[in-house]
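Work through the exercises below with the coordinates open. Each task is followed by a stepwise solution.

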Amino acid sequence: MSEVQNLQTGKPYFVPEPSMRPVTVNLGLFLFAAGLVFTANGYTGMVLSMLIGGVLISYGAIGWLTDMAWENNAGKFTGWESRSFRIGMGWYIAAELWFIAAFLGALFYMRVFSVPWLSGHFFESMWPGFVGGWPSNGPTGGPVEALDMTGPAVGTAMLVLSAIAVNWGLKGMKADNRGQMNSGLCLAIVFGLVFMAQQLVGLFIGEHHVGTGAYGTNYYALTGLHLFHLTLGLIMLLVCQYRMMIGHFDAKHHGGIEMASWYWNFAVVVPGVMVFLYFYWL
């Protein structure tokens, strides 16, 4: 451990000792990605690479988080470190939102521009009788019906309630009300799990799949991407819940919960509502 002078404030900030955590996580990411790519291209025996990569990622991430929690509880961090963590989380959330926006933008382009163009006069001789309505399975596919919105509407309502619960709990944490924070986290986790169950049912027993043209492909791409972010968000909330149980956080030091709530609100709830509006409402 060492302290280095902060050129902006003139105050020292904490610099941890060299660690193998980043190497472990990055090696795990490489092995997992390589195994996934080779398996998707028909190479057998690469599942082991994915498993080893997943174990390394989990081991490195858990150890890294544990180290940071210990450093924080030991009083190593100052306001500068807290600010840098928040800046990093803000940029991460922004990057994830742009990633999701690319998929939503592709869906918007197909719905508003591509499908009407394919049904226009220029392509009429190629696909006679094709009507550029939505949802569409394309000129060569059969008819496709819009997804039923009853179940997803309930799931999306649960997701919105989870955001309300997280922010209600965070408000309690700022007032040093640990009971309110615990209750808010528990409610958010339960609501998030209910939404996840509803989404998984729709994915595995639903009538649409990747082969049902642009509509089904985008449905699976966006829903799968959102489920990935939902899983990460639930892990964050569960970690915060555990840390609350062992006495971490107080009214002045609760940056972990605050950043987890940002992620939940902007990378989980907002995209979930957008996916619902795109596929079930609009």
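**Exercise 1. Identify the residues that lie nearest the centre of the largest pocket, and the elements that line the pocket.**

Step 1. The largest pocket has 41 lining residues, and Ala61, Leu65, Met68, Met89 and Met236 lie nearest its centre. On a 1 Å grid over the protein atoms alone, a pocket is an open set of points where a 1.4 Å probe fits, with protein on both sides within 12 Å along at least five of seven lines; lining residues have an atom within 4 Å of a point.

Step 2. Two or more lining residues come from each of helix H1 (21-40), helix H2 (47-73), H3, H6 and H7. Helices are DSSP runs (H or I, at least four residues), numbered from the N terminus. H2 gives the largest share of this lining, 10 residues.

Step 3. By class, the lining has 25 nonpolar, 13 polar and 3 charged residues. Ala, Val, Leu, Ile, Met, Phe, Trp, Tyr, Cys and Pro count as nonpolar, Asp, Glu, Lys and Arg as charged, and the others, Gly among them, as polar.

The model is predicted: local features need pLDDT of at least 70, side-chain atom pairs count only at pLDDT 80 or more, and totals for chains, interfaces and linings use all residues. Residues are numbered from 1 along each chain as its sequence is written, and side-chain values use heavy atoms, leaving out hydrogens and water.

**Exercise 2. Describe the lining of the second largest pocket.**

Step 1. The second largest pocket is lined by 14 residues; Pro16, Glu17, Trp64, Met68 and Glu71 are the closest to its centre.

Step 2. H1, H2 and H3 each give two or more residues to this lining, and the largest share, 5 residues, comes from H2.

Step 3. The lining divides into 8 nonpolar, 1 polar and 5 charged residues.

**Exercise 3. Determine the surroundings of Ser162.**

Step 1. Ser162 lies in helix H4 (residues 150-174). Its relative accessible area is 0%, so Ser162 is buried (under 20%, with a 1.4 Å probe, protein chains only).

Step 2. Not counting residues up to four places away in sequence, Ser162 is in contact (heavy atoms within 4.5 Å) with Ala188, Phe191, Gly192, Trp264 and Val269.

Step 3. The side chains of Ser162 and Trp264 are joined by a polar contact of 2.8 Å. Such a contact is a pair of N or O atoms within 3.5 Å, one able to donate a hydrogen and the other to accept it.

Definitions and conventions:
Buried < 20%, exposed > 50% of the residue type's maximum accessible area, 1.4 Å probe, protein only.
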